[in-house]
Amino acid sequence: MAARQVVNWDVGYVYADHVGGSREAIGVNGKLPIPPVHITEGDTLVLHVHNSLNVSTSIHAHGIFQTNTSYMDGAAMVTQCGIPPGKSFTYEYKVNQAGTFWLHGHYHHQNADGLRTPLIVHDREHHFYEYDGEYVFGFEDWYNQTYEARLDETQDPNGTFPPPSPAPNALINGIDGNVTKAIQFKPNRRYRIRLINMSATVWFKFALPGHQMHVIEADGKYSTPLEVNGITLGPGQRYSVLVTAHDNITRNYQYLVEVFASFFPKIPGESPKYYTGIVEYSKNASPVAVDPIATLEAIPEDKSFSGYTDVELSSADRQPVFPVNRSINLVLRGALFTDNVTRDIINNITYTEPHIPTLYSALTLGPLAVDKDLYGIQSNAVVLKHNEYIELIVHNPNTIPHPMHLYGHAFQLIEYGPVDPKIVLGDNRESLGNQTPPVVKSSKYPMQRDTVVVPTMQYVKLRFRADNPGVWLFHCHMDIHFGMGMAMTFIEAPDTMQNTMSIPDSMAQMCVDQGIGIFGNGAGNAGTDLSGLPPMPTIKSF
């Protein structure tokens with residue numbers, strides 16, 4: 001039977017001592033790492049949060065659709081006001097999904113400073129794929145600077161761009177990657193290994209030499225099995241693989257992990273970094289020798305798997321390709337503005353928070369809620385009709401890949417292909433090579449997921465049905481890029497929302513306690529009066 005799973009979090013400052021030194025971080029109940037949360041499909045998650053920070057906080061369940069509970073999504077100033085310092089709030093929502101997810105702070109990008117942990121939702125009736133045991137690998141990046149300090153350095157109009165930031169170290173399940181724990185295999189047993197990239201900036205590779213891995217899940221959606229030699233995860237992405245143990249205990253093996261980003265210069269010993277752990281069959285077994293660097297370098301950086309992209313997976317639910325009622329082109333860029341600050345943009349708009357949560361505007365504007373402009377231009381809003389089929393064509397004419405995450409939905413992966421050279425501007429034109437990436441299309445049953453890496457100089461086509469009324473972010477999950485403005489909001493079926501959804505009194509009170517409005521447009525005013533919003537900054541150059 002479904003249960004109420006109660007979790008108590010006191011979010012506060014802790015000191016984390018990792019490779020490179022100790023610094024202030026954000027933990028739960030006085031500790032880091034934060035224990036993973038395990039629930040079962042159909043359970044109600046009750047997350048009691050007390051805020052012991054000196055700034056507001058909020059908690060987002062990454063990949064959970066929040067059907068009929070958009071206000072519980074945890075996206076600060078999108079679906080709620082933050083939890084004020086010294087105050088408490090309870091998130092409560094039913095989880096009718098199974099798969100691999102994670103919980104993280106969503107105000108002030110607090111996840112980058114430690115407020116993050118796996119959320120594992122186990123199948124209710126039976127495993128879609130049978131296995132005897134499982135292991136969870138939560139991957140994190142760790143910097144010696146706080147997120148706020150790194151963002152300030154990145155956007156300093158008097159500094160160099162990009163700043164000479166050192167590559168981070170890796171944490172595996174909250175522990176320094178160079179002291180990872182062994183995992184135990186028993187002969188002929190089948191194991192599910194869940195991989196979660198909870199990092200703020202970087203990519204991770206994972207390999208298990210000497211074993212066959214079959215991908216069975218991406219971002220909470222089951223796939224038909226695909227055999228791979230290794231897996232690459234962009235920020236925010238998750239995978240599950242099945243591995244069958246050998247039939248004897250004479251040898252021990254290694255699992256391999258690499259942390260990297262294409263925009264960090266390669267410096268031996270610094271970037272990329274490599275980590276190993278033991279796959280133990282017996283304490284007395286002899287180890288199998290392996291070259292970690294050579295093995296991991298054989299996994300392409302621009303593909304999810306060794307030799308494959310995620311679009312080549314097929315969805316296990318055999319959902320055919322969605323039709324298209326509406327196609328939306330989105331162009332991702334960075335730009336220098338006239339105040340000499342570098343920001344990121346989607347369709348030439350850099351995202352900043354509105355004066356009241358966008359969801360509250362959608363619920364209180366009445367018939368005006370279908371006007372995207374009333375959410376404020378810097379909310380970068382697009383209004384969707386209920387149940388229409390949406391195609392997003394996301395173009396990345398840049399030299400940095402972007403992991404784009406959609407809230408409230410999983411989208412079908414339809415196609416990757418090369419960007420039109422005409423939309424490549426400025427210095428990026430120097431990176432247009434003679435080799436054009438191929439067009440790669442989905443199978444008859446496209447894989448679904450909620451976070452996709454849009455490769456450099458490529459586009460990706462995504463499709464989803466607007467069947468979940470609410471307000472949903474779409475943003476780059478590299479936190480620096482999100483903080484620099486690479487985000488937008490989908491206002492989904494505001495007319496339906498107004499008839500079916502209401503904000504709990506305790507949530508509205510959090511806004512009132514902080515002097516934040518709960519009625520009106522993006523400026524917090526009635527009707528079409530947008531006075532008080534800051535002017536849209538002007539782009540100087542790309």
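Please keep in mind that the model is predicted. Let us begin with the whole chain. The protein has 34 strands, along with 6 helices. Along the principal axes, its C-alpha atoms fill a box of roughly 75 × 60 × 50 Å. The radius of gyration is 23 Å, which agrees with the value near 24 Å that a compact globule of 542 residues would have. Of these 542 residues, 58% are buried.

Next come the charged pairs. Side chains of opposite charge can pair when their charged atoms come close. Arg194 belongs to strand E13 (residues 190-197) and Glu134 to strand E9 (residues 133-142), so the bridge ties together parts that are 60 residues apart in sequence.

Now turn to Lys205 and Glu258, which form a salt bridge with their closest N and O atoms 3.5 Å apart. This pair also links distant parts of the chain: Lys205 is in strand E14 (residues 203-207) and Glu258 in strand E19 (residues 251-260), 53 residues apart. Lys205 is buried, with a relative accessibility of 1%, and Glu258 is buried with a relative accessible area of 1%.

Another bridge joins the side chains of Arg238 and Asp450, at 2.9 Å from N to O. Here the partners are 212 residues apart: Arg238 is in strand E18 (residues 238-244), and Asp450 is in the loop between strand E29 (448-449) and strand E30 (451-454). Both Arg238 and Asp450 are buried. They also belong to a network of salt bridges that links them with Asp219, Asp310 and Arg449.

Where are the cis peptide bonds to look at? One joins Leu32 and Pro33, with omega at about 0°, and Pro33 is found in the loop between strand E2 (21-28) and strand E3 (37-40). Another joins Ser271 and Pro272, again with omega at about 0°; Pro272 is in the loop between E19 and strand E20 (273-280).

Two residues other than glycine have a positive phi. Arg318, with phi near 55°, is in the loop between helix H2 (292-297) and strand E22 (326-337), and it counts as exposed because its relative accessibility is 52%. Asn348 has a phi of about 70° and lies in the loop between strand E23 (342-346) and helix H3 (358-364); this residue is partly exposed, at 41%.

Gly177 sits in the loop between strand E11 (175-176) and strand E12 (183-184). With 1% relative accessibility, Gly177 is buried.

We finish on the surface, where Glu148, Asp152, Glu153 and Asp156 gather in a patch of negative charge. Asp156 lies in the loop between helix H1 (147-154) and strand E10 (169-172), and its relative accessible area of 34% makes it partly exposed.

How values were computed: Residues are numbered from 1 along each chain as its sequence is written. This is a predicted model: local features need pLDDT of at least 70, side-chain atom pairs count only at pLDDT 80 or more; totals for chains, interfaces and linings use all residues. Side-chain values use heavy atoms; hydrogens and water are left out. Patches are made of residues with over 30% relative accessible area and no salt bridge: like charges are joined within 9 Å, nonpolar side chains (Val, Leu, Ile, Met, Phe, Trp, Tyr) within 5 Å. Accessible areas come from the Shrake-Rupley method with a 1.4 Å probe; for residues, only the protein chains shown count as cover. A salt bridge is a side-chain nitrogen of Lys or Arg within 4 Å of a carboxyl oxygen of Asp or Glu. Lys and Arg count as positive and Asp and Glu as negative; His and the chain ends are not counted. The place of a charge is taken as NZ of Lys, CZ of Arg, CG of Asp or CD of Glu. Helices (H or I, at least four residues) and strands (E, at least two) are DSSP runs, numbered from the N terminus. Buried means under 20% relative accessible area, exposed over 50%, partly exposed in between (1.4 Å probe, protein chains only). The radius of gyration is taken over C-alpha atoms; the globule rule is 2.2 Å times the number of residues to the power 0.38.
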